[in-house]
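Colleague: I have a while before the next meeting, could you walk me through this model?

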Amino acid sequence: MRSVLLNKPQELLMRDIEKPVPAKGEVLIKVKRMGICGSDIHAYYGKHPTIYLPVVQGHEFSGVVEALGEGVTGFEIGEPVTARPQYTCGECYHCRSGHENICHDLQVIGCNGKVPGAAQDYISLRSHLVFKLPDNLNYDDGAMVEPVAVAVAAVKTFTYDIKGKNILVFGAGTIGNLVAQVAKAEGAKSVLITDVCDEKLEIAKKCGIDYVVNTMKEDICQKAEEVFGKDGVDGALECVGVEATINQAIKVCRKRNDIIIVGIYGKDPAIRMIDVQEKEFKLIGTLMYLEEDFKKAIRLIAEKKINLDVLKTVHFGLDDMEQAYKYIEDHKATSMKVLIDISD
């Protein structure tokens, strides 16, 4: 079968390898669709802080059940599925306490050499990681469940109920857009999303986000007061991962707020910690998701509470992954979710 290896930064190798055989407790999936994530892009250029090459990429994907390993029940051959890409030990403190997303030995499918990803014709995974797709979800939708789950987990991280609250999201890329959409779906009164790219802000508008601001053209503090009133921002999610945006969040948020860190920082930011202290902020990290978040992501998509269609930018074949990355580089302003068609 075909398998694409990211051998080193900007070097993709098409290989012919043996088709996997599902072991006991595993499901063999014929991959249909794969999404290219922001983390994949960072890894492609050798700039992701926790992804080490070589690796077969692909942790956002969908497909159909091809075969079942010994002892696996509850699945039928040919039915559409997606998968939660987290291999955990099940034994460490965090796994035992229900936080397996921060397992001491977390292995993310497609993000390290131990567990290859979906940039290949078939992938065999532990059955508890595989989820059936509802009838009204297509393969594109299935490949986007994973980033929606990231957004669900991020919004859930607030230490208070956001229903009726004014929420600020920094970054209108794919994850920021989905975070904003999930915040709306979870009952936020109003959501303001920021970016420096007008095209991405226009996409956010199409997805039903209440307010947008280009922080290169408008002052974020003035805009927040304009749309939210004197009481301002009730909570923020930083989805960019750069020094400027985390400091904007610290500057604009009302005292005693939560600021959720969603973006991946390629470079450690300098933060005015005295402001964090004096304003009694909680800076809270969030990593991936739990099984419940993944299931909720599927449900939100099936219930049409998340608009994915606007985010689906373009399709490439598995043989054309290099061109896919070139497209993303050449269309930074308009590229949201680039999808790889593995099979028909």
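Predicted model: local features only at pLDDT ≥ 70, side-chain atom pairs only at ≥ 80, totals over all residues.

Colleague: How many bridges join strand 10 to strand 11, and how many join strand 10 to strand 13?

Modeller: Strand 10 (residues 166-170) is joined to strand 11 (residues 190-195) by five bridges, with Asn166 having Ser190 as its bridge partner in strand 11. Four bridges join strand 10 to strand 13, again running parallel, and there Val169 stands opposite Leu237. Strand 13 also pairs with strand 14 in the parallel sense, over three bridges, and Ala236 has Ile259 of strand 14 as its bridge partner.

Colleague: Which way do the residues of strand 13 point, and are they buried or exposed?

Modeller: In strand 13 (residues 235-238), Gly235 and Leu237 point one way while Ala236 and Glu238 point the other way, and all are buried. In a regular strand the side chains alternate between the two faces of the sheet.

Colleague: Changing topic, which residues of helix 11 are buried?

Modeller: In helix 11 (residues 321-330) the buried residues are Met321, Ala324, Tyr325 and Ile328. They cover an arc of only 95° around the axis, which puts them on the same side of helix 11.

Colleague: And what do they pack against?

Modeller: The buried residues of helix 11 pack against strand 1 (2-8), strand 2 (11-16), strand 3, helix 1, strand 16 (312-317) and strand 17 (337-341).

Colleague: Where is Ile36 found, and what does it touch?

Modeller: Ile36 is found in the loop between strand 3 (26-35) and helix 1 (38-44), and Ile36 is buried, with a relative accessible area of 3%. Leaving out residues up to four places away in sequence, Ile36 touches Ile41, Glu60, Ala324, Tyr325, Ile328, Lys337, Val338 and Ile340.

Colleague: What about Val130, is it buried or exposed?

Modeller: Val130, in strand 9 (residues 130-132), counts as buried at 6% relative accessibility. Beyond its neighbours within four places in sequence, Val130 is in contact with Val27, Ile29, Phe75, Val81, Thr82, Ala83 and Leu125. The C-alpha atoms of Val130 and Val65 are separated by 9.5 Å, although the two are 65 residues apart along the chain.

Colleague: On to the backbone: which residues does a cis peptide bond join?

Modeller: A cis peptide bond joins Leu53 and Pro54, with omega at about 5°, and Pro54 lies in the loop between helix 1 and strand 4 (60-68).

Colleague: Which residue other than glycine has a positive phi?

Modeller: Arg256 is one, with phi near 60°, and Lys304 has a positive phi of about 65°. Most residues other than glycine have a negative phi, and most peptide bonds are trans. Arg256 lies in the loop between helix 8 (243-252) and strand 14 (258-261), while Lys304 lies in the loop between helix 10 (291-302) and strand 16. Arg256 counts as exposed at 59% relative accessibility, and Lys304 is exposed with a relative accessible area of 59%.

Colleague: Last topic, how many aromatic pairs does the structure hold?

Modeller: The structure holds seven aromatic pairs. The rings of Tyr289 and Phe294 have their centres 5.6 Å apart and their planes at 55°, so this pair is tilted. Tyr289 is buried, at a relative accessible area of 1%, and Phe294 counts as buried at 0%. One aromatic cluster is formed by Tyr44, Tyr45 and Tyr325.

Colleague: Where does the charged end of Lys19 sit?

Modeller: The charged end of Lys19 sits over the ring of Tyr122, 4.4 Å from the ring centre.

Methods: Residues numbered from 1 in each chain as written. Heavy atoms only, no water. Phe/Tyr/Trp six-rings, centres within 6.5 Å; stacked < 30°, edge-to-face > 60°. Buried < 20%, exposed > 50% of the residue type's maximum accessible area, 1.4 Å probe, protein only. Lys NZ or Arg CZ within 6 Å of the ring centre and 35° of its normal. Pairing = 2+ DSSP bridges. Helix = DSSP H or I, 4+ residues; strand = E, 2+ residues; numbered from the N terminus. Contact = heavy atoms within 4.5 Å. Arc of directions from axis to C-beta.
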